[in-house]
Structure formats: structure tokens, C-alpha cells
Amino acid sequence: MSEHGDQVPGYRVIRMEALPDAPAAALADVEAWQARTAYPNVLAGGGPVFGVAEELESGGWRVLSRFANCAPQGSRDAMAMTFRERARDAGDAGDTAAQQEWLRMAEQLDWEAVNELTVLGRRFRVVRADQFIRMGPTGPEPPRPSDPDPAAVGHSHELPSRTAGFVIDPFTATGMSEGILRMELLQLVRAPGTAPAAVRKDSVRALETHPGGVLLPAEFTAAEYADGGWSPTQMTNPSPQGARDTLTTYLRVMAPVMEQLDDETRAEYGRVADRIDAERCDEIEIDGCRTRIVRVERLVRIGPDGPEGPRPSDHDPELPTAVQEKQLREEGLFDEDRVLSEEEAEQQRVAEEQAKEFLRLFEEQRRRRAAAEDT
């Protein structure tokens, strides 16, 4: 959509088309339009996330991983893993030269915080996506009826990610509602006083450097209402059931150990988890707090050279893996003969006991769900 026609660069154009021959897509477009009324406010939701994408000769960038990292280094590590997988494939095919090149570039990522590399003529990049949620008078937007949610209770992890394999290409046509949402999100910047100066500066700069954008498939999280506001309590999941499964695993497995729950509270959390499993509900009260499964939109900004990478102000505290290991060895923490201090020994004992309890509770949950499926 453009009033300047061919004078506008392709990455700034949003192609909106009616989808009469695709009933499911048409229904999703209608629901997206209705959400504008029920949840009129669009807010930043949880900070940026990062993934890895490969440029395609046919145009666009193919996503190679879920956008599941809150800092760029996790995606650099994922890129290195991709290169090692390509090296294995090249070795199986008998292409030793290609195998060595893939391994060389993977090793570079082990030592350097690099966000883009070209290997054998192919460009790979760590890509940044902003997260947003719709808010209305009743709180954040829950899943929509048209959002894919095919997994059975406890089996959401078996579904492939809708993001991995997605092609980031602004030339791909979209429905009217999604196109309007893209235009809205592309104009958003961090308001003065809502973020550190460097974060706001990068946000404003992105309007010029990456004025186009593409929406990734929506994901879902659990959010809790406390102290007058809603806050996410977990990472996003590819499906609503994935968010429910993560929430029930927390209630049955993680919370009893991490929060040192007493028997009465453990039992109450278990009853809440049972209800979530039985009803597949998207809102429930937990320990006096409203908890809702929430829909999360994710926007990748695009400029003349493709999708936006990490910004200078993005939280990036981790070192490359080989650098971390080198530092630990220099500090003597990898010395197998080193005698632990009393404090370290106690921490190790507690961690081992917690790990055993996590495993016991997880197995208990697995057996409970298996029994429910058999009935």
C-alpha cells in the first residue's frame, strides 16, 4: 500500500489483498479487525527477541530458528550450531572443502560476537524482533479462535514451530487488518521517560534505517495481573496450548521446588493445573492473582539491506562460548582437582537435590497425563 507507487522502495511497501479463496485466512483477518475495537491499545511486550535467518536467492530471508532468545548471543550460538550441521552434511556428501569452511565459520562465532557472516556465498544474520500485545479495558488480548491450537494437553512440544522456516519478505501479500497493524507498529517508538536514553535513541533511529517490516507468526505467553498491571511470567510459546503446558509445568514441577511451597499450597497449585488441563482455559486465578494466556505479536523491521539485526543498546551480557570457557579455565573453575569451598559444596548439594525433585515431579506429571489420556 503506497501513495507514491514505484518511487517507494519495495521494503517499505505493504501489499494488502483480499483473501476470498482462503476462508481460514479471511476469518483470521476479520478477527484481527475486531481485535482493534476490543483491544485498541498496542503496547511493547517484554523486550526484543532474536533469531537466525538466511538470505534466499529468490528474495527474502528464511528463519532458521525460533525467535526465543532475549539476547543476541543465544542466536549467535544457534548460528554456530547451524554451521556445524551444514559441516556434517557436507562431510557426509564428501565435500571436505565445504565442511572445513562451515567449521571455520562456526569456530569464529565461538570466539567473536558477530551478528552476520557470509559462508560459501550465503548470508546469515542474527535478526531482531520487537514484541507487542494488544490491551483493552479487560486486559491483554487472549488467543483468537482462528489461532492454530491443535496440540493435545501435554503434547505442545511435539508440534513444529510456525516461525522456523518462515520467510521474512515484505513483498508477500497480507490481509487488510495485518497490513494496518504493520503500519501502526512501524510508527511506534519508545516514549521519552519510558526507556534509557540509548534505547530510545536506537528506537527513533530505526524509523529511518529500517522503515519496513514483517509480522512473524504470533506466539503466546502467560501474564499475571498484580500491582495494577499485567506482566508476562514466561517466555513465549508457538501455540496457546504451549503456554498452558508451560504454566501447568510451573505449577506442578517448578513452583513447589523454587518457591518451597507447603503441602497445602502444592495441592492447590495442582488443582489449578488440573483445571487448566481439563478445560484448556485461557484465564484462571492462581493464589489470588488473575493469570491469562496472552497473544504476542512480533515485528521484524526491514531496511534496504534486509531485516534489522541487534541494536547497540540491546541487552547483550553473554560472551561467546569459547571466551567464556577460557575465562573459567583461567579462574580455575574447570579444574577437576580443585577442592570446593564449604559454600560451593553446599550450593552444589542443594542444586543436586533440587534437580532430583524436579525430575520426580516432572515424572509424576507425565504419569498423571498419561493416565488421563487412557481414560
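Helix α1 gives the most to the lining of the largest pocket, with 6 residues. This is a predicted model, where local features need pLDDT of at least 70, side-chain atom pairs count only at pLDDT 80 or more, and totals for chains, interfaces and linings use all residues. Residues are numbered from 1 along each chain as its sequence is written, and side-chain values use heavy atoms, with hydrogens and water left out.

Start with the pocket. Its volume is about 710 Å³. On a 1 Å grid over the protein atoms alone, a pocket is an open set of points with protein on both sides within 12 Å along at least five of seven lines, and a lining residue has an atom within 4 Å of a point. Grid points are joined across faces, edges and corners, and a volume is the space filled by probe spheres set on the points. The lining has 31 residues, and A28, T174, G175, E178 and R295 are the closest to the centre. Two or more lining residues come from each of α1 (23–38), α4 (176–186), β8 (212–226) and β11 (289–303). These labels are DSSP runs, numbered from the N terminus: helices (H or I, at least four residues) and strands (E, at least two). The pocket lining divides into 15 nonpolar, 5 polar and 11 charged residues.

The structure holds 1 cavity of 30 Å³ or more. A cavity is a set of grid points where a 1.4 Å probe fits but cannot get out. About 40 Å³ of space lies in the largest cavity. Among the residues lining the cavity are R244, L247, D282 and R292. Strand β11 gives the largest share of this lining, 3 residues.

Next comes the packing. A nonpolar core is a set of buried Ala, Val, Leu, Ile, Met, Phe, Trp, Tyr and Cys residues joined through side-chain atoms within 4.5 Å. Buried means under 20% relative accessible area (1.4 Å probe, protein chains only). The largest core has 18 residues, and M79, F83, W102, L109, L117, V119 and F124 touch the most other members. Helix α2 gives the most to this core, with 6 residues. Leaving out residues up to four places away in sequence, V119 touches F83, E101, W102, M105 and F124. A second, separate core of 15 residues includes L251, L261, A273 and C281.

Finish at Q73, in helix α2 (residues 72–92). Q73 is buried, because its relative accessible area is 0%. Beyond neighbours within four places in sequence, Q73 is in contact (heavy atoms within 4.5 Å) with A113, D316, E318, L319, P320 and T321.

Terms used: Nonpolar A, V, L, I, M, F, W, Y, C, P; charged D, E, K, R; others polar. Buried < 20%, exposed > 50% of the residue type's maximum accessible area, 1.4 Å probe, protein only.
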